[in-house]
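The exercises below concern one protein model. Work through each task before reading its solution.

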Amino acid sequence: MKLIKPFFLSVLVATALSSCGGGADIVSTPVENIDSVPLKVSELTENEKHTWGHLDLVKDTIPGMSVEKAYAEIIKSKKGQTVIVAVIDSGIDIEHEDLNDVVWVNEDEIAGNGIDDDKNGYVDDIHGWNFLGDAYDEQLEYVRILASGDKTNPEFARAQAEYDKEYEETVARKAQYDQIYEQVKNANEVISEYLGKDDYTADEVNAIESDDEAVTKAVGVMNFMYGNGFDSTETALKSIKGGVDYFTDKLNANINIDFNGRTTGDDPNDLTDVGYGNGNVLPSEKGESHGTHVAGIIAAERGNGLGVDGVANNVKIMSLRAVPNGDEYDKDIALAIRYAVDNGAKVINGSFGKYYSPHSDWVRDAIAYAGKNDVVFVNAAGNEGQDLDQKECYPNDQVNSGPEVSDTFITVGALEPKYGSNMVAGFSNYGKINVDVFAPGAKIYSTTPENEYDTKGGTSMAAPAVAGVVALIRSYYPKLSAAQVKQIILDSGLALSTKVVVGGDSENIQPIGDLSKSGKIMNAYNALIMAQQMSK
């Protein structure tokens, strides 16, 4: 399942209902120094909102990755090698104005001739492969377990209990969002008529004085929206409609036992049944935006004056469409990883995950294969605010926090754009054993289909931030192995002593250093210095 969810929704409903030379040093971060960084109390500027993940904690008092500092002081005019980064995700708009020049092209394949020219098992795979075919909507994995009717499955009882709870909650949530959407829509119509215009401000709403009960009620509804962080009616309606659509899709497909989204004709329980899908890696619809957003975070063309700058230059994005609107199939993920490795990727980004995985061994074997072939796999930690040392999430490179099958697998938690106690995103999973590092993941501005841009949040956004840094290291210091690159990522971050709210629970306060294996937050500047030192 895509690890991006409408986090604002639960809050809303709850409220409604109740140069680098040999002498360059890694930034020193002893407690007495880093704690002196002032808290940023002012609102972020529009530019800061769009670029915060690239900013510097000391200079900007925003917990970004010091990407711009790295380019200004380390990379400068250096020339790096091209690195192929495979993005296993939903479809990617490879025609996007900010991505079309950073798309991988399979030079050994002739487009459109219906022949597997390079003999890799995939016909006309020019920019990657689409393992989903024409489909996009899918069930969640535990719903597939119930749909199979196999009560001997050891996971059947757990799946049934989760389904009963989830179905009831989803029906209730959808009803809430339908109601809220209608209220805001009607209030907008009343206020627009009263003011004689569709485009109005919060100040104009606050200034309304009327004895008309309908107008007074509409003002109250809109003030409630403004009080919940929406700066305009358009934003409120768009966000709430997103909630309506989310829960509608969930009922119609994700938790619909009678739904079957698989259209590729293969047996998803047979790893040897290959060759399905096609070479069309584009999104099936405009709303399929997750993969495009992730690709932009990694490699949107830098310095072209458009939209956003990706973390890494010298990157070619290989698109592997394997993550539907629902839970991914283990088979698709395992084959996508192997495709990436076999076709030249040196970095893989996986912004997806689930809590049931009937063929987790297939995926784990593929992760081990990537590690043995010098490929770094960057993985999103997940968005349920849970301790992954206590609950297993897939994909992973071990069983029950046991020995790892790969020393190149990195799991990433998400940060908010505000230094201090709320720096760790409330939705982000964490774990001293099973999460490696934290990186910017909330409120991230990036590319979306049809030459558009949008802000999204999730560990789905934190993983590609780290994947971008990994790509930079592999580009400028290509002699370093994938295992060395992982170690650099873990060792070079900023170690903070800040105590933070964990899992969105104000009563759960822990030092941020206890939430991951490294105990650090990602820092590109430090990572490149360490890479330069290690490569000597």
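**Exercise 1.** Determine which helices each supply at least two residues of the lining of the largest cavity, and describe that lining.

Solution. 
1. In this predicted model, the helices in question are α12 and α13 (360-372).
2. α13 gives the largest share of the lining, 3 residues.
3. The lining includes Ser360, Val363 and Arg364, and also Ile333, Phe352 and Tyr394.
4. Sorted by type, the lining residues are 5 nonpolar, 3 polar and 4 charged.
5. The volume of the largest cavity is about 70 Å³.

**Exercise 2.** State how much space lies in the second largest cavity and which residues line it.

Solution. 
1. The space in the second largest cavity is about 50 Å³.
2. Its lining consists of Leu132, Ala135, Tyr136, Glu138, Gly261, Arg262, Thr263, Thr264, Pro324 and Tyr329.
3. By type, these residues are 5 nonpolar, 3 polar and 2 charged.

**Exercise 3.** Describe the second largest pocket by volume, central residues and helix contributions.

Solution. 
1. The pocket has a volume of about 350 Å³.
2. It is lined by 17 residues, of which Glu141, Arg144, Pro268, Asn269 and Tyr329 are the closest to its centre.
3. α6 (141-148) and α12 (330-342) each supply at least two lining residues, and the largest share, 5 residues, is from α6.
4. The lining comprises 5 nonpolar, 6 polar and 6 charged residues.

**Exercise 4.** Compare the radius of gyration of the protein with that of a compact globule.

Solution. 
1. For 536 residues, a compact globule would have a radius of gyration near 24 Å.
2. The protein has 23 Å, which agrees.
3. Its C-alpha trace spans about 75 × 60 × 45 Å along the principal axes.
4. Of the 536 residues, 55% count as buried.
5. The protein exposes about 22,100 Å², with 48% of this supplied by carbon and sulfur atoms.

Note on methods
Residues numbered from 1 in each chain as written. Predicted model: local features only at pLDDT ≥ 70, side-chain atom pairs only at ≥ 80, totals over all residues. Heavy atoms only, no water. 1 Å grid on protein atoms, 1.4 Å probe; cavity = no way out; pocket = protein on both sides within 12 Å on 5 of 7 lines; lining within 4 Å. Points joined across faces, edges and corners; volume = space filled by probe spheres on them. Helix = DSSP H or I, 4+ residues; strand = E, 2+ residues; numbered from the N terminus. Nonpolar A, V, L, I, M, F, W, Y, C, P; charged D, E, K, R; others polar. Rg over C-alpha atoms; globule rule 2.2 N^0.38 Å. Buried < 20%, exposed > 50% of the residue type's maximum accessible area, 1.4 Å probe, protein only. Areas by Shrake-Rupley, 256 points an atom, 1.4 Å probe, with all protein chains shown as cover.
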